[in-house]
Each structure stands twice: as structure tokens, then as C-alpha cells.
Amino acid sequence: GLFVTDYFTCTPRKLSPFRSFASIELFHFHIPEDTVIAVWNLITFKEQGGTFGDQCPDRSITVYFRSGAPSVINPLHTHFPRDTAVPGSFALTLTWTLPNRTTGVFNVTSPLPGDWFLAAHLPKDEGKISVKVKGLGGTGLYEECQYLFQPQLIVQRMVNIAVLYPGYFTEQSMAPHNHSCLYKVFVPSYTSRVLVEVLQCRGAEGCPLWLRVRAKAPPVHNSTALDCQEHAPCQLVLDLPFWQHWYYVLVEKHPGVPGTVSFQVTVQLTDCSRPSLARPPFLPSSTSMNMPHSFGSVGGLVLGDSPLPTSPNGTKHLVPIPTTSPASELCWPVRPTLRNELDTFSVHFYIFFGPNVSVPPDRPAVFVINLLPVLDSGGVLNLELRLNVSSLCGENATVFGCLNHEVPLMSSDNASVTCETESLAGFLLSVNATASLSRLRIPYPQTGSWYLSLRLLCATEHGFEPCTNVTAEVYLRAYLSPCINDCGIYGQCKLLRTNNYLYAACECKAGWNGWGCTDNAEAFSYGFQLLSTLLLCLSNVMFVPPVAIAIRSHCLLEAAIYIFTMFFSTFYHACDQPGIVVFCIMEYDVLQFCDFLGSLMSVWVTVIAMARLQPVVLYLLGAMLLSMALQMDRHGLWNLLGPSLFALGIVAITWTARTIRRRHCYPPTWKRWAFYLCPGMLIAAAAVLLYAFVETEENYFYIHSIWHLLIASSVGFLLPPRAKLNGRLGPLPRRNGCRYQLCINEQEELGLVDTAMASINSICTS
């Protein structure tokens, strides 16, 4: 055959340690049909400060692969919520081969066509001392090690694959240098059986051929196979094939067979809506079989609108295959569902004349749920069955439901209570008089058609048998949601995006884990949550002594800012708690901004007050610059260090100037240095060190409470004493303003006379 190679790549992305699915990086690829091999080139490299991170430690990178939808991963081995089905995926761990770069290769032979998803993450942090809550990365104190991941995809697909038409023979001669022949046949809806047969095998003793069949992609070594040399006739039967998909037929020669081997291959499809008839060899048009209009090697001809099909080697064989014995499988009418989109990943599927459905005893009730490609695979498919017990009329009956992808399970074996066959896997639900409610949740479901088959069986001594004269009534609810139970009270459902693909995931808090934040193995108790909230809130009461000291020293502006900080810090931490002990008086973003601004302004005005500088312009300049800095990067450490260092520079300059002018150390008394300035500076330095290098997510509650205590204590020590006038304590003298005279009418201020009649007795002060 002729092969074509396609290349796909994604931009590098920074990986994060795994905490929840919201912390992974997701990559989306699309593999075309008729692909025989896909090769993923997984490139990982380190960066530190814009250069190669040779000094960064090696951290393993885990990559997950899944076809049709994102992988449902659980690297922390947490518990999933009840009634949750976990689809499988393949995982690969990359190790480092070079100091700053490594490459991994992942090959998939005959991959399934359509969407493929890769998920990658770093291992979970082990609780090392690092500032995670405040986010020091990128603040300039140190260069953070970054691990970047870039997947590339190379696919090789075959073009012009020969198409087999149901009901016709196709002759083929396999030359000595050829190893195999590949065909494909389209299976429409309501097909209960596919029969592939190899006939008229000539050119060698016996029939040294292998017959392999696989749905959606070319066969591989473990596909359904049959050795034609050991089985005569060489017929391969597939029951319950996938609807609306291509089936690939591979005919291989045994190794070491010389000469040319000739054979005929044919396919017969059984229409389950008419079990006594096979698919007719000629249909009026392609729409009768819901067949694609493109037919590969036959040049895009349409049945009914074109000449009869020809075999790949150009020989016409128009002899139809006679119908065989009727199939034992029956299929019943499939009831559609109405799709109602409410929001992103919020879709309800309504049943016509529902939601209560009747399940008769003689046949199953089949429903179809259609999930749109790409759009619906990032949520959770929910299914709920509720039995009306009174409808059973006292019978010991059970309603079994089978949810299968792309084909309904319609077995004639009434005693069967499974939803799986050799080639088909599904999900089983059951309701009866004892357990009248059953739920099923499928995170990240594969898109396409999902079929729900409901059957009513009665329990007897010999197992389950068909019921008589009993019709069960079942309430059926099917819907798509972003997360499982909206992540509960200890989680937040986040809508995430990677390029043009949307998906949702839970981000848990208060020590809860799991896909739906239901694993309480490491959860915080209510007492611990209450204690942490009280510590963070009540530790702000330590600002009361600095407020009193500021008022006593006539530093009213400083006192007002301390009160502002104490108020908003208390209510911000009451609103910022991860558990259920939460109290918010305003929007979270407003409280956070006011808390951060108050904290930085407290540092700024305290240091300016130490310099004994009176111009209000410094306070206004600090407020404007700090507001701008917080808007740019609210969690940056330089928001604290920048104003502090700048203000300390002003203090150093003013104190040095006064020391030179007075020819004496300023402040002049050693007691001021020993009992106030030095202890205050040490306490402030300890607070900054705790904030920058000790505080982590695990110790945030008590370390940040200690930070509140230390900062408030340092303010009380560092505030300057009340200024002295003529040996007495008092306010500093007012300096001239902007050379304006302020004239005050004393009588007018007192409201004693009419300003129009009284003489003006103005008291003017400069």
C-alpha cells in the first residue's frame, strides 16, 4: 500500500506537582483514520532563569495516554466516589538521560482514530520548606527550576485501502514478496453480526492464511483471528459489532510460504431488524446503510448512483452471497433522547413521553444518548434509575440496565445478567424492590452513542427467567455535569482549558482528596478548622496595643491604618478558610486586596513615622505605588520587601543627616536603641524570615498567626515616642503649608450671628 506521514506538535508547557487533576497539563491530538502506526516523541527539558537548568534536581515525569477522552488518573491512590466507573489508561514514566534534557518515545501500532489525550505532571511535593502559599517563584530572590514538556506526534497512515462490499466476492492474488492484504468494510446501524469468509484458496497446500478482523483500526497481533489452514470453511463471525464504524480485515500468509496464493474474501452483514435476511447485495443508495460517501480505492463511488463495485484487482464479481440461517439476536426499536444544553458540561437528556419508562417482560427497552465529539468528553456522564416498586405487583422482579458504547447489548439469553461479551464491555445497573435506586457516574466519557438497554427478569430457584404479566415502571434520568456532585462542600469545580479543549476537574481543600473530594483520609477535623480560623483571626487583636501607642503619640494617621489592617485581615482570613468554618462579609477579592494593602501600608507608615517626616505626600505616594504593585502581582514578596527597603533607606538618610547636624548619634539615648529599636528590628526581621522561608501550606495556620503577632509587636516597638516641646510632651509645631492663609470667622463657626449683618472678625493663621 501507499503510506503518508503526518506530523503534529504542541507548544512546551511548564509542569506542576500533582495535587489534583486541575494541576496537570493536558495535550490534545487527533489521529486520522487508516493509521498503521503512531509515534509520540516526548521531549522534556529544564530551565532556570531563562537558561538550561543543569543544577536543577531530576524529577520524574508521568505521562498518561487515552483514546477518546482524557485519562482518569489517580496517582495518589485516593478513593473514588460511590457508583463511579473508572476507565483505564496507559501510563509512562520518563527518567532523565542528560543533565537538562530527556526524550521518551511511545509507539502505538494501529491506534484507534479520533481524539487522543496526553496528561503529564510532576510527582507530588513532599512538604519541603518552600513558600507555596505566597508564591515566591519569579520574585527575584532566587530562580525557580522549571520543567517543561513538549509532545510531538508522527503518524503513518495507509491510503487507498480496498473496500469490501457486503454480499460480493473479492478476488486477490498475493505475490511471493507480499506478506498481507488489508481491506475494510463499513458496518451500519442495526447490524447484529458480521461474517468474514475466505474462499477458493489456491496456490499452496491447504490454505496457509491468517484471517484477522478488528473494529476502527487495522488488526494487531491480539485481534480476533482465525487460522484458515486449520478451519474449513474459513469463517470469522463477530456478534454485536460496533455500529457506524469501519471494520478492518487483514489476510496474512504463514511465514515461509513460497509462490503466489490466490483467494476470495467476502463479508456478510446480518440486519437485526430483519433477522431472516442478510444485507441485500445492492441497495438503492448509500443513505440506506448510513455509509460514508468516500470509499477509498474505488474512487468515491456511491452505491445506487454508480456502476457496481469492482474488486481491487479490477475483476468484477457480481454474484451475491446467499443468505444464511437467521441470526438468533433480535434488536428492538431504539428510543432517542432530547438534548437540552443548559451550560458548559451541563446537559440534560430527556426521553420522549418520559421520564418514567415502562419495561415490558417480553423485550428490552433501549435508549440512546449521543455525546458530541470533543465538547462532551470533559465532563461526567450521570445515569440514575429509580424503580416504582408498586408497579411490580409483589413479584420478585429485577430491572437490569446495560450501558454500552456504540452498540446496545441485546442478548437472547434471558438468564444473562452481565453487560460484557468477548469484544464488548459495558456497565451494569440493577434495581429491585429492595434496592430501588441505582446510580452510575462515568468521568470523562468517550463521545459517540451510548445505549442503555433495560430488561425485566424475575428471580426463581434456577436463576433469572422472563417475567409474565408484569411491566415495571422506572424513572430514568441521564445528564452531563462538570464534576461529580459539584465536588461537594470541600471542593471547587474548576473549568479548565487547553488550547480549544475544555474540561472540568475538582480542586479539593481542607485536606480532602479524591476525584470528587470525598476521600477524608487526610481531612481536617471540624475542631482543627475552627482552631485554625480562630488563630488567624484573633491573632490580629495584637494590633490593639500599636493602635493605643499610636493614638498616645498623636500618630492618628498611623493608628487609622493599623485599625484598617486589623479589620480587613481578620475578615479576610475568616473568608479564606478551606473548610466549612467560613464567614465572608464582602467579596473574597475585595477582602484580599484590602488585607494586603493594609499590611503593606502599615509597614510603610511605621517606617516613615520613625524618620519623623511630616509631608503627607510620602503617605499618598506610598498608597498609590503599593496599590499599583498589588494589582500587578498580589502575591509577590517584593511587594513587602520593596516598600520596606525603600522606607528603611529614607530612615537611614534622615537619621544620618540628623546625626551629622547634631554631631551626636540619633536617636540620642541608648535606652531607645536597647529597649525599642533593636528588639523591634529583630522581631520584624524574624517575621520576614518566617513569611519568606518557613511558611508552607502545611504550617500556614500557625506560622501565619505568628507572623501577625510578630508584625504587630514590632510596630509597637518601632513607633517613635511623642515629640517634646520646651521640655514637655506635645504635638510637633505646624509648618507653613503652601503659603496660603486660612481665615476663619469665629462667630460664623459658632453659628451665633447672620453673616450678612455681622461684621467680620477674622482670625488668620499662616
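Tutor: Helices and strands here are DSSP runs numbered from the N terminus, a helix (H or I) having at least four residues and a strand (E) at least two. This is a predicted model, in which local features need pLDDT of at least 70 and side-chain atom pairs count only at pLDDT 80 or more, while totals for chains, interfaces and linings use all residues. Residues are numbered from 1 along each chain as its sequence is written, and side-chain values use heavy atoms, with hydrogens and water left out.

Start in the loop between strand S13 (180-187) and strand S14 (191-202), where Tyr190 is found. Its phi is near 60°, a positive value in a residue other than glycine. Most residues other than glycine have a negative phi, and most peptide bonds are trans.

S13 belongs to an open sheet of five strands, ordered S11-S13-S18-S15-S16, with mixed pairing. At the edges stand strand S11 (162-163) and strand S16 (224-227), each with a single partner strand, so one side of each has no neighbour in the sheet. Two strands count as paired if DSSP finds at least two bridges between them. Strand S15 (residues 209-215) runs antiparallel to S16 over four bridges, and Val213 has Thr224 in S16 as its bridge partner. The peptide bond from Ala232 to Pro233 is cis, with omega near 0°.

A second open sheet has four strands in the order S3-S9-S6-S7, with antiparallel pairing. Its edge strands, S3 (25-31) and S7 (90-94), each pair on one side only. S3 and strand S9 (residues 114-121) are antiparallel over seven bridges, with Ile31 opposite Gly114 in S9.

Arg157 forms a salt bridge with Asp6, their closest N and O atoms being 2.9 Å apart; the term means a side-chain nitrogen of Lys or Arg within 4 Å of a carboxyl oxygen of Asp or Glu. Arg157 lies in strand S10 (residues 145-159) and Asp6 in strand S1 (residues 2-9), so the pair ties together parts that are 151 residues apart in sequence. The structure holds 14 salt bridges.

For contrast, consider two helices. H4 (residues 588-610) and H5 (residues 617-632) pack at about 145°, with their axes 10 Å apart. Residues in contact (heavy atoms within 4.5 Å) include Phe593 and Trp604 in H4, and Leu618 and Leu630 in H5. That contact divides into 14 nonpolar, three polar and no charged residues. Here Ala, Val, Leu, Ile, Met, Phe, Trp, Tyr, Cys and Pro are nonpolar, Asp, Glu, Lys and Arg charged, and the others, Gly among them, polar.

Another cis bond joins Tyr666 and Pro667, with omega about -5°. Pro667 lies in the loop between helix H6 (638-662) and helix H7 (670-694). An unreviewed UniProt entry lists residues 673-694 among its transmembrane regions; UniProt positions follow the numbering used here, feature names are shortened, and annotations may be inferred rather than shown by experiment. Over 673-694 the model is 100% helix and 0% strand, and the end C-alpha atoms are 28 Å apart.

Notes:
Axes fitted to C-alpha atoms, helices over the stretch in contact; angles between N-to-C directions.
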